[in-house]
Amino acid sequence: MRDVIVMWRSTKMAVLAALCAALYAALLIPFKAIPLIPGFTEIRPGNVVPVVAGLLFGPPAAWGCAFGNLIADFFGTIGPGSFFGFIGNFLLAYVPYRLWRMLSPRHRATGVASQAVLYVIVAVVGSMTCAVVIGWGCEMLKLAPYAFLTAVITINNAAAAIILGPLVLPLLYARARRWGLLYEDLMPARDYREGPLAPLGAALVLVGSLGGSPVAIQMFLATKIEGWTPILPESFPLVWVGTVCALMIIVGSALFARAPSRDAEEPIGAATSLESTGDQAIVADDLRFRYALGDGQALDGVSFTQPRGQLRLLMGPTGAGKSTLCKCLNGVIPSLETGEFSGTVSLFGHDIAGRPVHTLAPLIGEVFQDFESQLLTSSVEAEVAFPLENIGVELSQMQVRVRQALDDVEMWQLRKREPTSLSGGEKQRVALAATLVADPQIVVLDEPTTDLDPQGKRELLVQCEKLREDGRTLILAEHETELALQADVLTVLKDGAVAYDGPPSELLTDPDRTEALGLRPHDIPALFQALGRPERPLTVDEAAPLLSDITFDEREWEDVSTPWMAAAYGEASGGLDTPVIWVQDAQYSYDDRTPAIKGVSFEVYEGEFVAILGENGSGKTTLAKHLNGLLCPTQGRVVVVGNDTHGQSTAELSSTVGYLFQDPDHQIFAETVYQEVAFGLLNLDVPFQDLSKRVDETLESMGLTEVKDADPFTLTKGQRQQVALASVLAMKPRVIVFDEPTTGLDGPQQKAMMERLRDLNDAGHTIIVITHCAWAAAEYPHRVIALANGEILADVPTRDLFSDKDLLARAGQRAPQITELSERVWGRTVLSIEEAVRCLRGGVSQ
């Protein structure tokens, strides 16, 4: 019974067992007042739970229902027989789950009509196994006659399961599948796979059930119905029948699954036995994977070889399979995330198939895309020390390595901080340090720059170069094409397959092909293509000499540059007289620490598009949360449409200021897209007719009508961003605050999201964004507020910031390549390719 033992290694399955116990006990306790056999059993409609939960959840349901029955017994029927009740209720859930796997291995129990016969069979057999064990046990203890108790329990169990199960199973299956709670989702296949003696086990269970329960029922009826002939002589000791049948059931159940061995797993301390020998660091061969809840292949025949010391950049549109591939390389798939997996991965000549993930730590370390899921402890220092504690590093050496790792990511000063209190970029640095401190030979970074400021990105590239010089092998999954130039090899995935694998320059010099693969074209080649030039340089140094013959149209430049300043300061518009948001000398501290923001003052006017920029930890998100009342200043004040936020609730402010979190999953919780978009309106008591109209209009405007009935968590990251934005737009706020609108999106999705925000701004919404994306910050906002150490460093028109190199550096920002190129060649601060094309004449067909 390997499955019922190893499940306790999973926190999720242990919690699921506890939930099953609580539910089962809650359904049993009220019926203790309606006994069938006083002191032994009662009417139990709740007995549908073990059968249905067993089919869906497997071992957690078996344990949960066993404990749940024991808990319920304390409310009226506790006694020596409760021990056998524990075993019987365990089998009531376990046997149906096991029989279903053997009788219908390719089809899950979903509750559809075509499965009705099979459902009745496993439910009845499960009911009989429970009854035989309890009846035998109580007979052995001289508590109740075997025939009587076994007959009553069999009928009681089967009736509840057969009558209620077809109604309950379809409802629970849909939700369990959506939430990834089926036993196939929670356990590796090796843990629930049938053992070699499973057919014998099934035969023993069936014979024991059919031999024990029907005989008991027949003998019981013979005592109650005149003329009924008993199948056995009245003097025959039924306890012998019960003993034989109960033992057959218990032994047979134990034979269903594989034996509870450790499969030769190496202890954590033995992980160092894997040596990084050979020149080939990674060999991936024909990797294929389909998630248990997925509709298609996440990976479809991916193969590549990576020598030691090489830096490979992994790119592709959202959903292409990048994160899935990264998890295959360190064994998380299929060991911890289940699904249909095939193919092989070898690290330095070691086939990792079957190896526990922790034993691979000396060879490979990974920072996940969802890096927050890797942060476990109560301080930054403890977080980085945690991997070393697990592999038995001595304390003195551990302290040195922790200090070095935190220094490398500039987080030593924050070593005592709790990780949950850090900014997104700071958390990402901690996760990186915790990975590098173990000194793995292969480092896999899944979108490591998503929450890093430009300075942090540069430091990461320097760190990667150091690792490569030390002989480390690196894989970076990224969306930013500018980083591709640092790589030795560029691999692009699309629809789970390799669409390109070769030198980065070969792909990036072809903007059309780059865009067709779901990537944002590199700025400089895209500019040359737009100008009709045949050259395809990749850097500013390469491009500048080639553009010396092109003249700059000053008249176009005046048209391009003036509206930005006019929109920001009202030189050409009279609509900026009254601020919609006014922040006056605001200060805020978390838990009496150094203020996250201090002395912050500014105004935002109706119709502006403002970006808040700054390094990680500069106070951007803290400031943004003040704008809709999620936080209130400890000093100073924030005024929204004339009202101090101290006097208003977040709910009251939500109709004026809509806030979108950096991670859309933090604010999505409804079961369908439609319900998610309608949620805010329901809280505002909007009449149903108006609510329905506003939701439908919002869904249509966001292009979400076709997925309105879908579970938001089945959508891509880009679609979830759209759902979060739609839920805010339905409230019709005057101001929209968006924290990192491009995070986790691929190139086309980033462009689409920023264009959507521009459209909303053109429609009259005031837009405030926090972003680390240089091209987005340059191209879209009218104005930028740059923060440093919690204070405003600059509050200027966008072009003014990007034209001041010193100010830009102090803000921890970097100009887009197109801006660097235009300033070097023409001395003008051009903010986008579109602006450059408008202002250039030479070299363009005239």
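**Figure 1. Tyr659 and Phe661, an aromatic pair in a predicted model.** At 26% relative accessibility, Phe661 is partly exposed, whereas Tyr659 is buried at 6% (buried means under 20% relative accessible area, exposed over 50% and partly exposed in between, with a 1.4 Å probe and protein chains only). The rings of Tyr659 and Phe661 lie 5.1 Å apart, centre to centre, with 70 degrees between their planes, and the pair is edge-to-face. Rings of Phe, Tyr and Trp (its six-membered ring) pair if their centres lie within 6.5 Å; planes under 30 degrees apart are stacked, those over 60 edge-to-face and the rest tilted. This is a predicted model, in which local features need pLDDT of at least 70 and side-chain atom pairs count only at pLDDT 80 or more, while totals for chains, interfaces and linings use all residues. Residues are numbered from 1 along each chain as its sequence is written, and side-chain values use heavy atoms, with hydrogens and water left out.

**Figure 2. Tyr97 and Tyr183, an edge-to-face pair.** Helices (H or I, at least four residues) and strands (E, at least two) are DSSP runs numbered from the N terminus. Tyr97 is buried, at 1% relative accessible area, and Tyr183 is buried at 6%. Both belong to one aromatic cluster, whose members include Trp8, Trp63 and Phe256.

**Figure 3. The largest nonpolar core, with 72 residues.** Such a core is a set of buried Ala, Val, Leu, Ile, Met, Phe, Trp, Tyr and Cys residues joined through side-chain atoms within 4.5 Å. Leu55, Phe57, Tyr94 and Tyr119 have the most contacts inside this core. Helix H6 (residues 116-140) gives the most to the core, with 13 residues. Beyond its neighbours within four places in sequence, Leu55 is in contact (heavy atoms within 4.5 Å) with residues including Tyr97, Tyr119 and Tyr183.

**Figure 4. Arg520 over the ring of Trp775.** The charged end of Arg520 sits 4.2 Å from the ring centre of Trp775. A charge sits over a ring if NZ of Lys or CZ of Arg is within 6 Å of the ring centre and within 35 degrees of the ring normal.

**Figure 5. Confidence along the chain.** The mean pLDDT (the predictor's confidence in each residue, from 0 to 100) is 86 for the chain, and 91% of the residues score at least 70. Over residues 263-272 the pLDDT is below 50. Where pLDDT is low, the predicted coordinates should not be read in detail.
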